[in-house]
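Please read them with the sequence and the structure open.

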Amino acid sequence: MFKELDPILHSQLRLAVMSLLISVREAEFTFIREKTNATAGNLSVQIQKLKDAGYIDVIKQFKDNYPQTICKITKQGIRAFEEYVANLQSYLGKG
Amino acid sequence: MEEKKLTEKESLDLIATMINQAKDSYHDTGISAIMWGIVISICALEKLVEILFDFKLPVDIYWLTILAIVPQVFISIRQKKERKVKTYDDIYMDYLWLGFGVSIFLMIFIVNAVFNASEPVSAEYARLTGHPSPFIFREFIAPLFLLVYGIPTFVTGAACKFRPMLWGGLLCWACCIITIFTTIKIDLLLTAFSAVFAWLIPGIIMERDYKRAKQELAQTHV
């Protein structure tokens, strides 16, 4: 019996963001934008969705008088990501 | 990147790609390694010249290592500000090198204390016997420092999969063993040699990689 894939993670940009954040301790918004090649607007929307789901923490602060947004994966996010990968593997293994 | 429905295979590929991108995303500058490689080799070589030509500078050249802490603090602050991403390794590496710095300064303190205590004994031995003391403490200073130099260098090289530093750390330990049996002149030469191969050359390679990565990033954003 296949488990349904988490709809929050089963989206290209949100999955890309989570995959980046799982490998690092924290990353700036600009770094995520560089790596995903997403537009700032679209990325902001997807980051907000991940934040609302409790998968990432978003810290907004100022650095040298410029606003800085830092994203960090949460424990809940790590669990969700691991479960998502396990489900994907079961799909591919049995499919 | 656009929003689209992914297949399971595409999802796994995307995860692998992004994880690899994150891994390759950060390149440390080699400035600190270059600076310490130069400072330590200058100090060791200057000491060697003092012995070879029998003169003494008005101040101990090793004060240069204290002076070098000032630019090191500025370099560290600037690098922290420039970092757009913090990896899990960063924190361990920072503590490792901080621990190394503290250990080195404790070593200097201990070595000075032992040197000051052993010198009068050696002088007294020479006065009473008419022969130089068989135990000259300064002959054993270089192996102690080379032992400590090797630890963070080897760990950094192994943890960051950066072979020049890994080999540099091993070279420090090899020179540590050799200097137990050699005279102070060879000790100082091997200390300078170790500093060049453990820090200066790896630092130049790191700096070159950092500049190349920065240039590539700039080109992708044109």
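1. The model is predicted. In chain B, helix H6 covers residues 141-159, which makes 19 residues. At 1.5 Å a residue these should span 27 Å, and the end C-alpha atoms are 28 Å apart, so the two values agree.

2. Much of the note on H6(B) concerns burial. Its buried residues include Ile141(B), Ala142(B) and Pro143(B). In general, an α-helix has 3.6 residues a turn, so residues three or four places apart point the same way.

3. After H6(B) comes Lys161(B), with a positive phi near 50°.

4. In chain A, strand E2 (residues 56-63) pairs with strand E3 (residues 66-73). The pairing is antiparallel and runs over 8 bridges. One of the residues involved is Asp57(A), whose bridge partner in E3(A) is Lys72(A).

5. E2(A) and E3(A) make a hairpin, with 2 residues between the strands. Asp64(A) lies in the turn and has a positive phi of about 50°.

6. Asn87(A) belongs to helix H4 (residues 75-94) of chain A.

7. Leaving aside residues up to four places away in sequence, Asn87(A) touches Lys3(A) and Leu5(A). The C-alpha atoms of Asn87(A) and Leu20(A) are 19 Å apart, with the two residues 67 residues apart along the chain.

Notes
Residues numbered from 1 in each chain as written. Chains lettered and ligands numbered in written order. Predicted model: local features only at pLDDT ≥ 70, side-chain atom pairs only at ≥ 80, totals over all residues. Helix = DSSP H or I, 4+ residues; strand = E, 2+ residues; numbered from the N terminus. Expected span 1.5 Å × (residues − 1). Buried ≥ 20, exposed ≤ 12 C-beta atoms within 10 Å, placed from the backbone. Contact = placed C-beta atoms within 7 Å. Pairing = 2+ DSSP bridges.
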